[in-house]
Amino acid sequence: MSAQAPGTPNQADRIVWVALRSVHLPLQQAVSDAKVLSGRQPPLAAVSLLFAEIESAQGHSGLGFGYTLRSGGPAQYAHAQELAPLLIGEDPNDIARLWSKLAWAGASVGRSGVAVQAIAALDTALWDLKARRAGLPLAKLLGAQRDAVPCYNTSGGYLQAPIEELIDKAQQALGRGIGGVKIKVGQADQAEDLRRVAALRKRLGEQVPLMVDANQQWDRTTALRMGRALEQYQLEWIEEPLDAHDLAGHAALAAQLDTPIGSGEMLTSAAEVTAYVESGAVDVIMHDAPRIGGITPFLKVASLAESRGLVMAPHFVMEIHLHLAAAYEHQTWVEHFEWLEPLFEERLEIRDGCMRVPTRPGLGLSLSERVASWTVARWECGRRA
Ligand SMILES: [Mg+2]
């Protein structure tokens with residue numbers, strides 16, 4: 001598109017085409033966290049994704065996505081098909097209004113979970129479109145605080161990996177410029193959890209930022225006891241020590257430990273995350289844009305978390321969260337997983353402990369040709385410009 005003269009107002013545009021794609025991406029190796037070892041979930045072997053592409057009458061386009069793990073993918077895809085036609089004819093700039101319109105359309109199935117997760121891919125595509133249209137990376141459209149965000153690796157730290165593999169993967173991650181390492185804990189054998197943390201700290205040294213994630217498998221007593229045993233390792237945070245909805249338990253634990261407490265990934269609406277932020281129940285807020293309905297609700301929570309001075313470490317999907325973390329005022333982290341890389345043409349640049357915000361417009365992502373082989377369903381409405 002030709003550039004407009006400075007000061008020329010953008011004419012209202014309208015959405016003419018929306019396409020959805022359901023993708024089932026197998027992982028190279030199934031992974032197990034403490035939810036698996038406690039028998040509550042099977043090992044994680046794949047990620048289901050919902051991609052949304054939006055085009056406007058003026059020829060602007062956006063790409064967004066959301067995801068589910070283990071189940072819910074077909075429901076998300078089906079609900080998005082009900083919502084997407086409501087965007088046709090609408091001005092893609094009015095993202096907040098459109099989020100509300102889609103949420104009201106699905107009001108009888110609630111304001112959380114799949115009901116809003118189906119909106120997330122569409123909402124993210126609208127943000128991508130707006131930033132692409134402005135010729136800016138999304139982080140800069142939002143008002144970037146930084147051009148690179150500290151990152152830590154999670155994918156090497158699962159419980160099926162023996163200690164030596166854990167250490168090897170951690171050293172590989174640090175060797176390629178990643179800034180920290182998180183490992184899973186929460187096993188029934190708590191002494192084994194502590195052995196793994198001790199071994200990793202010893203081998204990596206005192207300076208490397210380390211985190212642990214119990215994936216909700218401790219009760220309050222165990223969490224306090226383990227939290228106290230872990231204080232000596234100077235962890236960046238202890239993640240999901242308790243049931244994700246035990247707000248009072250998190251608040252009590254955070255008050256009793258020096259090590260910061262993090263949670264938020266299992267919450268599925270802005271309202272649920274807001275309750276954690278407002279009550280001071282966590283030190284590190286770890287919400288997830290696709291899980292709470294997209295970038296629009298994510299930013300509302302981030303704004304509140306900023307006013308409380310919280311650390312923000314969004315869960316998963318570094319491809320989206322990198323931009324949102326770059327626009328956050330206080331200390332922030334992005335979670336490094338290489339899992340989704342095959343879906344995209346581009347790679348995020350990592351060095352000196354940080355992930356660099358791409359200079360490309362929007363999210364800076366385009367779908368790779370390989371996505372076709374993992375696509376299980378496609379659907380579209382409207383007509384391309
Ligand atoms: Mg986690």
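Modeller: The model is predicted. One term is needed from the start: a residue is called buried when its relative accessible area is under 20%.

Colleague: Which class does W237 fall into, buried or exposed?

Modeller: W237 has a relative accessibility of 1%, so it counts as buried.

Colleague: How is a pair of aromatic rings described?

Modeller: Two values are used: the distance of the centres and the angle of the planes. By the rule that centres lie within 6.5 Å, the count here comes to eleven aromatic pairs. One of them joins F51 and F65, with 5.4 Å centre to centre and 35 degrees between the planes, and this pair is tilted.

Colleague: Where in the chain do F51 and F65 lie?

Modeller: F51 is in strand β2 (residues 44-56) and F65 is in strand β3 (residues 61-68). They are 14 residues apart, and the pair links distant parts of the chain. F51 is buried, at a relative accessible area of 1%. F65 also counts as buried, at 1% relative accessibility.

Colleague: What kind of pair do W237 and W333 form?

Modeller: W237 and W333 form an edge-to-face pair, 6.3 Å centre to centre, with 80 degrees between the planes. An angle over 60 degrees counts as edge-to-face.

Colleague: Why does the pair of W237 and W333 tie together parts that are 96 residues apart in sequence?

Modeller: Because W237 lies in strand β7 (residues 237-239), while W333 lies in the loop between α13 (318-326) and β11 (334-336). W333 has 6% relative accessibility and so counts as buried.

Colleague: Which residues do ring pairs link into a cluster?

Modeller: The cluster consists of Y67, Y158, F316, F337 and W339.

Colleague: Over which rings do the charged ends of R111 and R384 sit?

Modeller: For R111 it is the ring of W104, with the charged end 5.8 Å from the ring centre. For R384 it is the ring of W17, at 4.0 Å from the centre.

Colleague: Are D213 and E265 buried or exposed?

Modeller: Both D213 and E265 are buried.

Technical notes:
Residues are numbered from 1 along each chain as its sequence is written. This is a predicted model: local features need pLDDT of at least 70, side-chain atom pairs count only at pLDDT 80 or more; totals for chains, interfaces and linings use all residues. Side-chain values use heavy atoms; hydrogens and water are left out. Rings of Phe, Tyr and Trp (its six-membered ring) pair if their centres lie within 6.5 Å; planes under 30 degrees apart count as stacked, over 60 as edge-to-face and the rest as tilted. Helices (H or I, at least four residues) and strands (E, at least two) are DSSP runs, numbered from the N terminus. Buried means under 20% relative accessible area, exposed over 50%, partly exposed in between (1.4 Å probe, protein chains only). A charge sits over a ring if NZ of Lys or CZ of Arg is within 6 Å of the ring centre and within 35 degrees of the ring normal.
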